[in-house]
Amino acid sequence: MIQAVAHISDQPIRYVINTHWHVDHHSGNEAYKEMYGDDVVFISHHETRTDIPVLGEQQFADVAPYREMPIQMATDAIAAGIDSHDRPLSDEQLADIEEFHTGQVEYAARDGSRFELANLTYEKSVTLHGEPHTVEIFFLYPAHTNSDSIVYRREQEVLMIGDLLTQPILWAWSSYPASYIQTLKALEKLPAKKIVIGHGAPVLENKDYLVQVRRFLEVIVDYSTRSFESRLSEAAAIENAATLSDIQDFRRAFVTAEQDGMFDQMVGWAVSRSYLELSDDSAGPHPGF
């Protein structure tokens, strides 16, 4: 990211926004700290800052078995000398992959996390007034996590929303489906020519996928509510979801036939988290911005 910014600007990076507590969205903070020292300001919702040393620490330990995967992918790419479209890698691409490989080896060797926490936090919103642009950062409702930051360049109509949208599926394992819907409805109303998402595209040119996700979650929440109120167990509700056309009609909208398991995983997470919202008031919506 630091190198990519250097290609388009000779100005130092002064602000880094952590959208939520998941490790892949803040564990790179230290690189900015090493490069820019105390001149860089890390920004997050205050709950994100609180959760990183607890939930982030646990996630860091949980993903330890997977840290060898990117190393192997980089090793294979260097050995093959071609990209995913069978085109020869340039010297610059190879150098980037080799640097990535070195960094991943160092990361995998860690015996503990060293998280650089935000030194500027907010509860509802904060605005950075720069020249010539301003950047709005705000929280709506619990959605992908309990404290997702949304970044908006209003005059350019550009939304940057972290993992509120991911492709091909939603990583809904820590989500709040009912209030997720409220968040997406609010985003639908904002003018946006481009939406930068956490994983996938990475830039959406319209709101079609956002609307698809919102409609999927509405079906999930409605089904989960009816199941919960009829005292169906969570496990049975997840199992029954595989037979319901209202839910299964979304399958090909999200995944190909080769990715079926990912859709089932998403449904399971979403139903499970809906049950959590229904059984625990603390997991419910908390109006923000």
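Student: Does Arg 231 count as buried or exposed, and at what relative accessibility?

Tutor: Arg 231 counts as exposed, because its relative accessibility is 78% (exposed means over 50% relative accessible area, buried under 20%, and partly exposed in between, with a 1.4 Å probe and protein chains only). The model is predicted, so local features need pLDDT of at least 70 and side-chain atom pairs count only at pLDDT 80 or more, while totals for chains, interfaces and linings use all residues. Residues are numbered from 1 along each chain as its sequence is written, and side-chain values use heavy atoms, with hydrogens and water left out.

Arg 231 sits in the loop between helix 7 and helix 8. Helices (H or I, at least four residues) and strands (E, at least two) are DSSP runs, numbered from the N terminus. Although Arg 231 is not a glycine, its phi is positive, about 65°. Most residues other than glycine have a negative phi, and most peptide bonds are trans.

Asp 86 is another non-glycine with a positive phi of about 65°. The loop that holds Asp 86 runs between helix 4 (68–80) and helix 5 (91–108). Asp 86 has 58% relative accessibility and therefore counts as exposed.

Now the peptide bonds. Glu 131 and Pro 132 are joined by a cis bond, with omega near 5°; Pro 132 lies in the loop between strand 4 (125–129) and strand 5 (134–138). The bond between Ala 201 and Pro 202 is cis, with omega about 0°. Pro 202 belongs to the loop between strand 8 (194–196) and strand 9 (203–204).
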